[in-house]
Amino acid sequence: METWTLPGCFSKGLLFSALFLALELPQGSQAALHIEMIPEQPQKNQDLLLSLHGVPSTAQDFIWYLGEETSGGTRLFSYIPGLPRPQRDGSAMGQRDIVGFPNGSMLLRNAQPSDSGTYQVAATMNPAWTMKAKIDVQVAGAREVSSLLPVHAGITVAIIIGSLAIGSLLVCGIAYVLVTRSRKSRSPRNPATEKPEVNLSPESGDSNIYEVMPSPVFLVSPISDMEQGSPPMSQPPPPPPASQEPEPENQHYQDLLNPDPAPYCQLVPTS
């Protein structure tokens with residue numbers, strides 16, 4: 001019967017490879033474990049869920065801590081699935097109301113600003129394999145929330161006012177352009193209403209300046225002006241007044257002897 005033996009160098013190399021894989025496996029598993037915070041920005045008096053993801057099915061227990069260190073003084077609670085009483089509170093629990101779940105998640109009820117900090121969880125697979133994850137939690141108080149609201153409201157109001165101002169400027173500009181174009185198109189140049197030019201040439205022989213105004217009524221030209229080619233008719237000058245000659249002394253007797261034949265000049269004798 002033949003016996004096969006492996007070289008010493010090969011057996012040592014295989015042993016080192018197996019040891020390397022055993023050491024690297026927990027580190028790779030630890031990188032896959034992470035915590036999700038719901039909601040992402042917790043407020044005061046609001047329930048906060050820290051959901052654990054990437055947990056292998058071989059997990060034996062979970063331990064939650066509040067703080068940068070993982071010790072007995074910072075332990076919130078431990079959860080061992082399968083036990084009648086799986087959750088055991090730690091010294092850091094205090095007056096907090098925390099509920100654990102079989103998948104390693106935890107629920108913090110009625111969160112307060114004092115609950116802010118670093119939350120860490122350790123999931124034990126076996127004595128040589130423990131997975132860890134942590135997350136920073138900040139619970140906003142009532143004052144912080146109220147101080148954020150005016151800032152967002154002011155930004156919103158500024159955006160709305162700016163949009164309205166820009167829109168009104170655009171509307172005014174468009175209206176001005178339309179009105180200007182309509183006025184130009186509706187007011188053509190009317191030569192009848194324009195004032196005629198005044199002849200100021202020295203050839204006219206008149207040094208006076210006249211301004212011709214349009215007549216409000218229709219004027220009729222004289223007959224002499226309507227006939228073309230005929231010069232205007234000129235009226236004869238009035239006769240000079242007759243000179244009064246002195247009356248003779250016997251003029252009254254002559255009037256009586258030779259009465260005026262006009263009826264109103266006859267003398268009627270009285271009896």
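**Sheet, core and loop**

Tutor: Strands of a sheet pair through backbone hydrogen bonds, either parallel or antiparallel. Here an open sheet of five strands runs in the order β5-β4-β3-β8-β9, with antiparallel pairing. Strands are DSSP runs (E, at least two residues), numbered from the N terminus, and two of them pair if DSSP finds at least two bridges between them. This is a predicted model, in which local features need pLDDT of at least 70 and side-chain atom pairs count only at pLDDT 80 or more, while totals for chains, interfaces and linings use all residues. Residues are numbered from 1 along each chain as its sequence is written, and side-chain values use heavy atoms, leaving out hydrogens and water.

Student: Which strands lie at the edges?

Tutor: β5 (87-89) and β9 do, since each pairs on one side only. Within the sheet, β3 and β8 are joined in the antiparallel sense by six bridges, and D61 faces T124 in β8.

Student: Which residues touch the most other members of the largest nonpolar core?

Tutor: In soluble globular proteins, nonpolar side chains tend to be buried together. A nonpolar core is a set of buried Ala, Val, Leu, Ile, Met, Phe, Trp, Tyr and Cys residues joined through side-chain atoms within 4.5 Å; buried means under 20% relative accessible area and exposed over 50%, with partly exposed in between (1.4 Å probe, protein chains only). Among the 29 residues of the largest core, these are L50, W64 and Y119. β9 contributes the most, with five residues.

Student: Is S57 buried or exposed?

Tutor: S57 is exposed because its relative accessibility is 79%. S57 sits in the loop between β2 and β3.

Terms used:
Helices (H or I, at least four residues) and strands (E, at least two) are DSSP runs, numbered from the N terminus.
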